Amino acid sequence: MSRGAEVMVAGAGALGLSLALALADAGCRVTVCDPAGEPRASAVAAGMLAPVFEAVFDAGAAGDLDLLLAARNLWPALAARTGIAIDRSGAAAVGSQAWLATVRAGLTRLGLHGADLPREMLGDLAPGLAPGLQGLLVREDWRLEPRPALAALRRAAGEAGVGFRAERVTARGGADILVVATGADQGLAVALPQLGALTPIKGQILRFAEQGAGRLSLRGQGAYAVPAGGGLAVGATMEPGLADIAIDPVALAPLSRAAEWMFPDLVGMTSSASAGVRAATPDGLPMVGFSTTPGVILAVGARRNGWLLAPLVAQIVTACVTGRDPGPYARRLDPGRFARTP
Ligand SMILES: Cc1cc2nc3c(=O)[nH]c(=O)nc-3n(C[C@H](O)[C@H](O)[C@H](O)COP(=O)(O)OP(=O)(O)OC[C@H]3O[C@@H](n4cnc5c(N)ncnc54)[C@H](O)[C@@H]3O)c2cc1C
């Protein structure tokens, strides 16, 4: 394929918008189709760009720290291109001394280390945090606000010449390339059997509008708490196999308890809950690259790191379309890996 290719993108979430912008910047004629006013998973996400704590806390992600860091390293350029604000204050694990010792050991296993936060500084950075909790700071993890970021991506893509249609893609279509960035949706799976490798993971998240959140993203025992739109977002449930977005108070109860343990002022405070569905592959990494169907590229399955991975996914998809070198991570994300013989 070459510059000037006509590309249809199905899906206007973090992945679809990021890759549409990159394709337009590479000279392609791009149209994005999405029937939804707002992409569910990308909009409800916490917005953490967190290679380090994801590698520490998410079983299975430790071996992908290099890839997660590479994705994060692409964010400053994308932020400059789109005007997306990135908060680089860092993230802190907060908890008991004993628990922090396990976090410290996890960091050490990855060849990293955190900085102990003096209690007064922790109180300033995370007002309202329970007095008994200690903190361990890492600077590598950043954060963005998903809804403004989606708006900025869409604006930048539009200005770069990307067209938008409020339509569901149901077939390969007549464009040179179809890029499928449809998240957890299985609507195209009949035509594209590789989408069957995806399983849904429902995620529910709480937002406390009245709780000031300070500047740091916090990782606690059983929940994270991040600044969000002037309040505090506490997440998130991991409910494999569920693809609905109904709010389930039973599933949210442990999250509420973990949040109140971190921030005692939350007891009795009003919160709102929302839910989205992540798409996951068997190895936790997305499928990015040419599918077995000619002319169709997949960009799906980013699990709990879609925002973090978006610029790397965009870079690989653009390289596939334009015939450039897709870089060192493309093979690990190749959709064909699940069909390969060992
Ligand atoms: C509670 C929660 C918290 C999260 N927190 C974080 C976080 O802190 N950091 C992070 O990096 N990630 C986080 N994630 C994960 C992240 O949100 C996802 O990985 C990411 O949003 C996936 O983006 P996407 O573009 O692949 O999918 P989506 O955002 O789901 O977008 C897919 C779009 O495709 C559209 N679509 C579907 N079918 C079709 C079709 N046939 N034709 C056209 N359009 C179609 C849909 O309408 C939708 O708008 C979180 C997820 C949840 C649920």
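Q: What makes H10 a mostly covered helix in this predicted model?
A: A residue is called buried if 20 or more other C-beta atoms lie within 10 Å of its own. Of the 17 residues of H10, 15 are buried, so the helix is mostly covered.

Q: How do you know that the length of H10 is close to the expected one?
A: Helix H10 covers residues 306-322, which makes 17 residues.

Q: Where is the kink in H10 centred, and what is its angle?
A: The kink is centred on Leu312 and is about 30°. The angle is taken between axes fitted to the seven residues ending at a residue and the seven starting there.

Q: Why are the buried residues of H8 said to line one face of the helix?
A: Helix H8, residues 146-159, has buried residues at Pro146, Ala149, Leu150, Ala152, Leu153, Ala156 and Ala157. Seen down the axis of H8, they fall within an arc of 165°, so they line one face. In general, an α-helix has 3.6 residues a turn, so residues three or four places apart point the same way.

Q: What do the buried residues of H8 pack against?
A: Their partners are helix H1 (14-25), helix H2 (40-44), helix H5 (75-82) and H10.

Q: Why does Gly114 count as buried?
A: The cut-off is 20 or more C-beta neighbours within 10 Å. Gly114 has 24 of them, so it counts as buried. This residue sits in the loop between helix H6 (97-109) and strand E5 (115-117).

Q: Which residues is Gly114 in contact with, leaving aside its neighbours within four places in sequence?
A: Contact needs C-beta atoms within 7 Å. The partners of Gly114 are Ala93, Arg104, Leu107, Leu136, Leu137 and Val138. Val138 is 24 residues from Gly114 along the chain, yet their C-alpha atoms are separated by 5.0 Å.

Q: How many residues surround the ligand, and which are the closest?
A: There are 42, and the closest are Gly11, Gly13, Pro39, Gly183 and Gly306. By kind, the shell divides into 22 nonpolar, 13 polar and seven charged residues.

Q: Which element gives the most to the shell around the ligand?
A: H2 does, with four residues.

Technical notes. Residues are numbered from 1 along each chain as its sequence is written. This is a predicted model: local features need pLDDT of at least 70, side-chain atom pairs count only at pLDDT 80 or more; totals for chains, interfaces and linings use all residues. Helices (H or I, at least four residues) and strands (E, at least two) are DSSP runs, numbered from the N terminus. The expected span of a helix is 1.5 Å times one less than its number of residues. A residue is buried if 20 or more other C-beta atoms lie within 10 Å of its own, exposed if 12 or fewer, and partly exposed in between; C-beta atoms are placed from the backbone. The arc is that of the directions from the helix axis to the C-beta atoms. Two residues are in contact if their C-beta atoms, placed from the backbone, lie within 7 Å. A residue is near a molecule or strand if its C-beta atom, placed from the backbone, lies within 6 Å of it. Ala, Val, Leu, Ile, Met, Phe, Trp, Tyr, Cys and Pro count as nonpolar, Asp, Glu, Lys and Arg as charged, and the others, Gly among them, as polar.
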